[in-house]
Amino acid sequence: MSVALLVIYTLLIFVLIRKLNFFQLEGLGKWTPSFFFGVKIFAGLALWAIYTYFYTDRTNSDIWKYFDDSKIMFGALHQHPADFFKMLTGIGDNTPEIENLYYHKMNYWYRLFDNNLLNDAHIVIRFNAFMRIFSLGNYMTHSLIMSFLSFTGLCCLYKIAFPVLKEWKIATGVILFLLPSLVFWSSGVMKEGLMIFGLGLFIFHSVRFVQDKKWWRIVLLLFGALLLLFSKFYVIVGVIPPLIAGLLVMKNRKMALAKFMLVFLLFAGFAISLNWIAPEREPLRLLSNKQNDFIKMSSGGIVLVNDSGEAFIADDHRNDLIRSKDSICQIRQGANYYFRPFPLGYRDTLFIKNNLDTSTYKIQTDIPKAGSLLNVKFLQPNLVSFAKATPLALFTALFRPFIWEARNPMFLLPALENLLLILLILLVIIFPKKISNPEMFGFCISFSLLLFLVIGLTTPVLGALVRYRIAAQPFLLISLLMLVDRTKLISKNPWINKLGI
């Protein structure tokens, strides 16, 4: 039955793409959007196959861990429907009963390390729990719907980008719909699909609202903003200043650079003021905490749980565990480890020195060491530390993995994308063009570089970095394409025109 539903949903989506005017994209053939969506379905299947047959640790698998946790939430629908809707909406779910019956049984509802940011695992677990109502537990249905949502978001971005790149014909479509990393990572049941959907809605309806003042666009742009807030917090923070500046320039192009600089200075001043207003939300502190915690988790370790809380033993301290039977163990006296207490929600993570606790724990998750861990230093919450780390962080986010680092397909495609970036930079140097659309260019270049910098600073694992940067990649490529004089390029290389690019 679940397979039959999957077939019906697939056919219905293709009909919608073919019939609805929204999906008819200027500059592309009538069947091209359907082809692009077919590519996303194939990418979703590839992602499922990789995480099913090659990376077989389901508890640490990016596509399975939230899907499996959602089964616990969905299980409440039949026996305790009120609990299900409380958890699905987040309204009234902060009770000992719900936490003990459901949340504590999940592997990824709570984060071991709390960096004072919203827990983005919640929205994916809730999405999967909601989808189970219609999917009968078939993962591929979840993947199909996530692919459709992210495809819709990409269509929104295409409608904003194409008018300023009409001369490049299909290049905009290739960047947005066929860029391998973007297609691949936004086609699985992960946060990236929701992030692309939210980003597309937020940007598209913000621009259109300024143009036509239709009130209902406010509802959709706010919905997009909420999706970003709960799926990728750093993206909504990073997109707001460039978008505000771009909209100001769109209304009046005079002094475009000054407007962008003024907006960024105002937001920088606000960020600095948080050091006195709300120190726990101060950006440098949040970013350094996030990077520090990422390094700890990426170095591998064992997560333990009992009725009092959750403990984390680093990979190089595994010998501090005293195992009794099966997955039951104790932490050796005098050992050091991280601990987060509960109930009533997780509190701040504590670093325990010289352990005196004799409690027993159950091994919840054994986290392997990341295979592509970068050799980076812990960031400190001050400008000096960030200034020192910025050049290498930005270079790493932009240009790695190098082609000689591509030892498997997961790195080969990102490495080829980096070669495309280098090629475009060379074309800008050889065939430069004056900026004709300062609002679009300013938005794309500032948003993408800001995101690349944040990702480079906070992500110490190369495999995660190539996934997180998909929100920034298309905007950077579009901004570079806007700087290339196509007429001069074609005059020197007429074969490019024959390709329809």
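Axes are lines fitted to C-alpha atoms, for helices over the stretch in contact, and angles run from 0 to 180 degrees between N-to-C directions; helices (H or I, at least four residues) are DSSP runs, numbered from the N terminus. The model is predicted, so that local features need pLDDT of at least 70 and side-chain atom pairs count only at pLDDT 80 or more, while totals for chains, interfaces and linings use all residues. Residues are numbered from 1 along each chain as its sequence is written, and side-chain values use heavy atoms, with hydrogens and water left out.

Q: Why is helix 2 called oblique to helix 8?
A: The axes of helix 2 (residues 32–54) and helix 8 (residues 139–161) cross at roughly 140° and come within 10 Å. Angles under 35 degrees count as roughly parallel, over 145 as roughly antiparallel, 65 to 115 as roughly perpendicular and the rest as oblique. Helix 2 is therefore oblique to helix 8.

Q: Why is Ser-187 called buried?
A: Ser-187, in the loop between helix 10 and helix 11 (191–212), has a relative accessible area of 0%. Buried means under 20%, exposed over 50%, and partly exposed in between (1.4 Å probe, protein chains only). Ser-187 therefore counts as buried.

Q: Why does Leu-178 count as partly exposed?
A: Leu-178 lies in the loop between helix 9 (171–177) and helix 10 (180–185). Its relative accessibility is 32%, and Leu-178 therefore counts as partly exposed.

Key
Helix = DSSP H or I, 4+ residues; strand = E, 2+ residues; numbered from the N terminus.
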